[in-house]
Amino acid sequence: MALDAANVGRTFIAPEPYLVGREKIREFAQATGETSPLCHDLAAARAAGHADVVAPVTFPIVLTLKAMGEAVTDPSVGVDWSRVVHGDQRFSYRRPLVAGDELTVHTVIESIKTLAGNDMITLRGDLFDAAGLALGSTWTSLVQRGE
Amino acid sequence: MSEVLYEVGTELPPVTVRFTRADLVRYAGASGDLNLIHWHERTALAVGLPGVIAHGMLTMGHAIRVVTEWIGDPTKVVDYQVRFTRPVVVPDDDEGTEVTFTGKVASINDDDTLTVTLSATSAGVTVMAKASAVVRP
């Protein structure tokens, strides 16, 4: 069944903020081959003017994929996660993400299209810090293969 | 951070990685993306894939190293986007699958940022398209 385009424009707010951990950043950096001392070494990060170690560029996926998964598998949207493949991904930053950030994800359904029997859903995740300031956004397009 | 010299057309040093099943499991744990198709052969085959495939986000995470290792600071990347075009199949052996990433300065923009276009190739085919990063040097 095709996804309902009436869902375009809906926003889902994650129920609680995500606290970015220093060890999670190091673990993610190791898993993606990011060797910059800024991601691993607290002293190096502080010397460069950051409050704590900085996240690798693609780190926000840890938060946004979870928030988006919860949003789009809501029965009113109806995405079947087991039939989904990742189509496009984008990250945009207003400021660096560092350990200690407490971030809330607002997931917005930007578009739903049907192409050749497959549904494509594009989601924007807006990240806000504990002060309510925008840190940046992510865009994720998922392709749900036809049954 | 170290100074880098560039102009439109400058090619960045390439990065080559070899993904094994252990790398996929490590990324699954680090990212929280536990989708079975990235580590469980039976499931991957059952959904019509040629085998276990790497997370697109693992490929995307490594591809940006072309930029971050060149510029020396991941926080200088202010925008980064990729389209995933082909799966990277990772066999259950010690060799794994090699992926090579390259990058080139495509433009120097009015706000003094530069745009780098990126490519990823595995087994002779490109696995990402429309891949680019905006860098504030």
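Colleague: Which residue takes a positive phi in the hairpin of β5(A) and β6(A)?

Modeller: That's G132(A), with phi near 85°, in a hairpin that has 5 residues between the strands. Strands here are DSSP runs of E, at least two residues, and helices are runs of H or I, at least four, numbered from the N terminus. Bear in mind that this is a predicted model, where local features need pLDDT of at least 70 and side-chain atom pairs count only at pLDDT 80 or more, while totals for chains, interfaces and linings use all residues. Residues are numbered from 1 along each chain as its sequence is written, chains are lettered from A and ligands numbered from 1 in the order in which they are written, and side-chain values use heavy atoms, leaving out hydrogens and water.

Colleague: How many bridges pair β5(A) with β6(A)?

Modeller: 10, in the antiparallel sense; pairing takes at least two DSSP bridges between two strands. G125(A), for one, has T138(A) in β6(A) as its bridge partner.

Colleague: And how many join β4(A) to β5(A)?

Modeller: 11, antiparallel again. T114(A) stands opposite D119(A) there, and A116(A) has a positive phi near 50° in the hairpin, with 2 residues between the strands.

Colleague: What about T122(A), buried or exposed?

Modeller: Buried, because its relative accessibility is 13% (buried is under 20%, exposed over 50%, partly exposed in between, with a 1.4 Å probe and protein chains only). T122(A) sits in β5(A).

Colleague: What does the T122(A) side chain make a polar contact with?

Modeller: The side chain of S141(A), at 2.9 Å. A polar contact is an N or O pair within 3.5 Å; within protein, one atom must be able to donate a hydrogen and the other to accept it, and residues adjacent in sequence count only if both atoms are side-chain atoms.

Colleague: Switching to the interface: how much area do chain A and chain B bury?

Modeller: About 2500 Å², 57% of it on carbon and sulfur atoms. That's the accessible area (1.4 Å probe) lost when the two parts are put together, summed over both. A31(A), T32(A) and V57(A) supply 20% of chain A's share, more than any other three residues.

Colleague: Which strand of chain B does β3(A) pair with?

Modeller: β2(B), residues 77–84, antiparallel over 5 bridges. F91(A) stands opposite Y80(B) in that strand.
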